[in-house]
Amino acid sequence: MLVESDGDPAARVAAGPHPVHNLWRLRRYLRPYAAQFAWLLVAGLAGTAAGIAVPLVVQRVVDGPVARRDPAGLLQLGALALLLGVAEAVLIFIRRWVQSSSAIGMEAALRADVYAHLQRLSTGFHDRWQSGQLLSRITSDLSVIRRFLSFGVFFLVLNLTTYLVVVLLLIHLHPALGLLVAASAVPLLLISRRFGRHYHAASRRMQDQQGDVATLVEETAQGLRTMKAYGRGPELAARFTGGARTLHDTGVRKGRLLANTAGLLDLVPNLTLGVVLVAGAAAAARGVLTIGELVAFASLQLMLIWPVQSLGWIIANGQEAATAADRIQEVLDTRPQIVDSPGALALPREAVHGRLHFERVAFRYPGTAAPVLDGVDLTIEPGETLALVGATGSGKSTLLSLVPRLHEVTGGRITLDGHDLRELRLDSLRRLVGVAFEEPTLFSMSVRENLTLGRPDAGDDEVRAALALAQADFAYDLPWGLATRVGEQGLSLSGGQRQRLALARAVLGRPALLVLDDPLSALDVHTEALVEAALRRVLRNSTALLVVHRPSTIALADRVALLDGGRIAAIGRHSELLATVPAYRALLAAEPPVGQPPPSGAASTASPAATSDGRGLVRS
Ligand SMILES: Nc1ncnc2c1ncn2[C@@H]1O[C@H](COP(=O)(O)OP(=O)(O)OP(=O)(O)O)[C@@H](O)[C@H]1O
């Protein structure tokens, strides 16, 4: 089980001490449907009993009215056979009706749980797991499990019961021949065991490959514009074809395995039937067996063909479901790493001043050798705006992500008004912190829903204020105003529009802390000036930590901190740093510190960055 870490998608092992262990663990999803399942079995068994009774009636017909030439008796027994046939049909109908509704309900409950669990898992988990793998687990794997728990298990019970009852009846009718039929179960068992082992491995391979193909499709859909722009369509198509071919080959191998086994499973009862017919006819000739008994024996034996034939399908279905359950449990067994500690506090907004303090904060991404942050000491006073600058890859976004605890510090601590962030309840912390990332993500929902994502209770006035603040009033002019659907399946917005909406989302409800990753990066000069002015107003009243890539944004900050080598290398007013810190000056000018050669293409003369308002700062 993957319980110690955030889960390892590369592991791809069949978890659990037994192949069906994880499937067995899903039984609680069947519990609400226990009564339905019981009815299902009753209807199924009654239907089968009606079916089994027919050959016994036929035996009475052949040995009775037919032998005695008695039309009245024939009519009676014929009517009984007809009645049994109708009863069997009605019971099959009832069974199918109940079966479909319970199966879908169970699948929906399991899917909801997996989805909720995925939400609880940290960003570290999602960084490492391919989304296509998760997609295939939450869609196709769950469907496989549903098919097995509803149909597979049911037919396994029904067919085994049918097999047992029929074999007992056969032994009762003619012990020697009956035992011969019972002995045919031995090769069936051996074939099934061998098949189960091989099929389990094949289905795991196939389900993993399905996830890989889903990942490829997802990446293509997301990066289609870039790939087209670079003319890389054919390479992408070739990659996809490769993945699809591998999946196809595995599918064919799996199909052949099933076909071979189905052939063998077919052979055994038919061979037994042949032996029984010859030996039965000889016994009838000797008068040991009546014609009616022989007919009943053969008819009953024919009833075994379907349970045996379907065995291959049921085992295949069961193995696929076991594999799917392994894959689902790999996700469910991954414990969320970032959770509320026992007795975690909820801080009301009014009680928060907003003093954010980083104390020897260290952070290392799982699986990487070097820490990104190593001993960050930083304090942001209530109401202060601090800009964080640093070279590309210096860890600015990482540091920001530690505030809403998207990642957990691996050393030191971060406090808000003296409370370690790990002592706060996650929902409380995330209500206190307004976040806007560099990539402004909008979901396939209305503008209003996108805005109120973190504060579903926000009123119209608050939404209006947030939109005004972020200079995003254009939202009211969309075709359906705030009800307009945006995002992947909705209206396309420009980069600047998306960013302003993301900004409005961050400032909605006046959070105690604002954490903004380059909030002005996708704005045109005119809008940037507007948003900057608006932002200046909002920043006046909140504590804010901004990652700055643009020259103008730095002017919004009270102080600037330079992140270098995993720690804060310098902190102070922009003009002070410009005057006293060569590394800061060099960064703003995109020049290396004095004494080192300039990078090719970098300005070698006096840089426009050397102005006190920071204009001229190039993207770090
Ligand atoms: N999920 C991750 N797993 C492993 N390493 C990561 C992950 N995300 C970022 N890194 C690494 O951490 C370092 C810091 O990345 P980060 O995005 O915080 O830098 P940044 O200063 O914000 O960069 P930029 O200015 O380009 O946005 C980089 O070396 C990056 O490769």
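**Exercise 1. How many residues surround the ligand, and which are the closest?**

Solution. The model under study is predicted.
Step 1: the shell around the ligand consists of 13 residues.
Step 2: the closest are Tyr-365, Thr-392, Lys-396, Ser-397 and Thr-398.
Step 3: sorted by class, the shell contains nine polar, two nonpolar and two charged residues.
Step 4: the element that gives the most to this shell is helix α11 (residues 396–401), with three residues.

**Exercise 2. Determine the order of the strands in the sheet, and identify those at the edges.**

Solution.
Step 1: four strands form an open sheet, and their order is β2-β1-β4-β5, with antiparallel pairing.
Step 2: β2 (373–380) and β5 (419–420) each have a single partner strand, so one side of each is left without a neighbour in the sheet.
Step 3: β1 and β2 run antiparallel and are joined by six bridges.
Step 4: within this pair, His-357 stands opposite Thr-379 in β2.

**Exercise 3. Is Arg-360 buried, exposed or partly exposed?** **Classify Arg-405 likewise.**

Solution.
Step 1: Arg-360 belongs to strand β1 (residues 356–363), whereas Arg-405 lies in the loop between α11 and β4 (411–416).
Step 2: a residue is buried if 20 or more other C-beta atoms lie within 10 Å of its own, and exposed if 12 or fewer do.
Step 3: Arg-360 has 14 C-beta neighbours inside 10 Å and therefore counts as partly exposed.
Step 4: Arg-405 has 20 other C-beta atoms within 10 Å, so Arg-405 is buried.
Step 5: phi is positive at Arg-360, near 45 degrees, and positive at Arg-405, near 60 degrees.

Notes:
Residues numbered from 1 in each chain as written. Predicted model: local features only at pLDDT ≥ 70, side-chain atom pairs only at ≥ 80, totals over all residues. Near = placed C-beta within 6 Å. Helix = DSSP H or I, 4+ residues; strand = E, 2+ residues; numbered from the N terminus. Nonpolar A, V, L, I, M, F, W, Y, C, P; charged D, E, K, R; others polar. Pairing = 2+ DSSP bridges.
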